[in-house]
Amino acid sequence: MGDLVVLARQGRLVQEALARDLVPLAVVSTDTELARLDAVRSDPAHSLHGLDEVVQVADARIASVLPAVQPLLSRYDVRGVISVGEVFVEPVGVLADCLGLPGTGSKAAVICRNKLLQRTAAPEFSPRWQVVPVAERASFTLPADRFPAVVKPAGRFYSSGVTEVAGQEELTAALAQFGDDEISLVESRVHGPEFSVEALVQDGEVLWSGVTGKETNEHEGPYFTELSHTSPALLDPADEAALVAANTEILRRVGVRDGITHGEYRLTADGVVLMEIAARLPGDAITFLWELATGVPVEPIMLDLALGVPTRYPAPRRRARQQFVDHPHGVLRDVTAEGAEVSWPARDDRWPALTPVAADAEAGLRGVLVGRLPGDVLGVQEHSGHRSASVVVDAPLDADLDLAAKRAVAQVSLHVDPA
């Protein structure tokens with residue numbers, strides 16, 4: 001289950017299912033244009049070629065998805081269910097439980113889609129936080145010594161709505177942006193480097209963990225948009241162990257049973273602080289980074305976990321980074337790169353094949369990705385959807401990855417007209 005852009009990103013799942021004599025089926029929301037999906041799955045050169053039936057649902061609520069898949073359940077012996085994006089985490093968890101299949105579990109699926117539930121389940125790993133009921137948003141106040149603070153919605157994703165506020169006026173304005181159906185949280189501002197921990201879990205046991213380093217634009221303004229991912233992170237072994245231990249304990253608390261997970265953390269002087277935990281694969285190009293780092297794709301492992309097949313994943317033998325490119329404000333016309341192919345997944349419904357190289361190969365640019373469309377207006381990067389282009393580079397573990405990323409970014413040109 002997932003929309004076209006993420007289905008295409010993890011298209012190897014379709015090819016891997018076909019190789020195992022399974023029939024791949026898809027559930028998508030109305031954000032996916034069926035004509036575009038039909039075009040790529042009928043294209044022998046596309047990774048989604050061979051995708052069999054597609055069911056479109058009005059939204060990703062359990063009450064919408066489970067009735068819509070009943071015809072599939074009557075025609076197929078369903079062997080596994082996978083969410084390739086955030087929006088379908090809950091229905092995938094519940095459906096797998098209903099069918100007696102491996103999966104995250106209904107409990108974990110629900111908790112991992114709600115930051116308030118995560119704070120409740122793991123309070124000692126959480127920042128100081130308060131829930132602000134809808135009726136109290138206009139009158140809610142914080143003491144002056146509690147600023148800066150962070151306002152966030154409990155159920156959104158892509159960093160949408162997460163804002164740092166410096167005082168009461170900004171706090172009141174930030175709370176006013178949420179809908180009446182949203183849970184709003186006010187949390188202490190947590191300082192320290194940000195990381196994610198990706199984990200593979202089977203039968204409740206963590207089989208593999210990897211730590212990804214992050215950079216955000218928080219030093220430039222009130223937002224927390226991620227601008228780079230480095231897998232594995234450049235990190236002291238003791239700090240890496242602390243992050244993995246915290247993530248493993250939180251997965252136990254939440255009750256994740258089977259699947260790939262993505263937890264986001266801050267490493268502070270007082271220890272590891274949970275930002276959020278997600279019961280799905282990581283976003284952006286992080287799955288590609290781990291493939292470049294380990295030499296092994298994650299999709300066959302994801303399918304193993306969904307089918308209940310014993311599996312394992314190797315340790316990294318290289319380091320990879322996705323670095324987003326600064327962009328001028330204006331109307332995007334084109335993106336070009338010297339000596340590299342530029343891919344436009346949002347426009348062409350295709351992701352590049354980022355092929356692992358030998359462990360001791362020189363550092364290099366492996367791909368250029370554009371997440372926007374020609375004609376889009378580029379401006380302040382308030383959340384992930386506002387970013388434009390990125391480069392993917394990798395290098396030996398002991399090489400200067402910062403230099404490799406800097407050189408790769410210099411190869412990219414954004415052609416932008418004044419807005």
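**Salt bridges and their surroundings**

Guide: Asp59 counts as partly exposed, with a relative accessibility of 25%, where buried means under 20% relative accessible area, exposed means over 50% and partly exposed lies in between, computed with a 1.4 Å probe on protein chains only. Asp59 is joined by Arg61 in a salt bridge, the closest N and O atoms lying 3.2 Å apart; the term requires a side-chain nitrogen of Lys or Arg within 4 Å of a carboxyl oxygen of Asp or Glu. This is a predicted model, in which local features need pLDDT of at least 70 and side-chain atom pairs count only at pLDDT 80 or more, while totals for chains, interfaces and linings use all residues. Residues are numbered from 1 along each chain as its sequence is written, and side-chain values use heavy atoms, with hydrogens and water left out.

The structure holds 30 salt bridges, and side chains of opposite charge can pair when their charged atoms come close. One of these bridges joins the side chains of Arg280 and Glu86, at 2.6 Å from N to O. This pair links distant parts of the chain, since Arg280 lies in the loop between β11 (271-278) and α11 (286-294) and Glu86 in the loop between α5 (70-75) and α6 (89-98), 194 residues apart; here helices (H or I, at least four residues) and strands (E, at least two) are DSSP runs, numbered from the N terminus. Both partners count as buried, Arg280 at 13% relative accessibility and Glu86 at 7%.

Another bridge is formed by the side chains of Arg350 and Asp43, with 2.3 Å from N to O. Because Arg350 belongs to the loop between α13 (345-348) and β15 (364-370), and Asp43 to the loop between α3 (34-41) and β2 (54-57), the pair ties together parts that are 307 residues apart in sequence. Arg350 is partly exposed, at a relative accessible area of 35%, and Asp43 is likewise partly exposed, at 21% relative accessibility.

Salt bridges also join residues into a network, which links Glu124, Glu249, Arg252 and Arg253.
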